[in-house]
Amino acid sequence: MTAVSLADAKAHLRISFTADDAYITGIIEAAEDYVQSIGVSFGSPLQPAVRHAVLLIVSHFYNNREAVTVEAIHAMPFGVNALLQPYREQSL
């Protein structure tokens, strides 16, 4: 199950052109992989907070494409962790 469609991601990014579609699709996959790797599974129906966190990650990855910049390093937005924390599966 995917959390975010290409159309949803493009709407969130406010992009109407198609030149970056393949790139954005890859970012969506990376964002969803990240969310699942920290112990959050996609419910059915998808939790709105999890969906929004994926969109925030997509936006972050799209706007910060380089590993190194001359500008200040941008960390993952705090809002992502706050949105995902209630859905993390933890084991003892």
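Is Asp-8 buried, partly exposed or exposed? Asp-8 is partly exposed, at 31% relative accessible area (buried is under 20%, exposed over 50%, partly exposed in between; 1.4 Å probe, protein chains only). The model is predicted: local features need pLDDT of at least 70, side-chain atom pairs count only at pLDDT 80 or more, and totals for chains, interfaces and linings use all residues. Residues are numbered from 1 along each chain as its sequence is written, and side-chain values use heavy atoms, with hydrogens and water left out.

The protein has four helices and zero strands (DSSP runs numbered from the N terminus; helices are H or I, at least four residues, and strands E, at least two). Of its 92 residues, 36% count as buried.

The largest nonpolar core holds 23 residues (buried Ala, Val, Leu, Ile, Met, Phe, Trp, Tyr and Cys joined through side-chain atoms within 4.5 Å). Helices H1 (6-13), H2 (21-37), H3 (48-63) and H4 (78-84) each give two or more residues to this core. H3 supplies the largest share, seven residues.

Three salt bridges were found (a side-chain nitrogen of Lys or Arg within 4 Å of a carboxyl oxygen of Asp or Glu). Arg-51 pairs with Asp-8 at 3.2 Å, N to O. Arg-51 lies in H3 and Asp-8 in H1, so the pair ties together parts 43 residues apart in sequence. Lys-10 and Asp-21 meet at 2.8 Å, N to O. Lys-10 is buried, at 11% relative accessible area. Asp-21 is also buried, at 18%. Asp-20 bridges to Arg-65, with the closest N and O atoms 3.4 Å apart.
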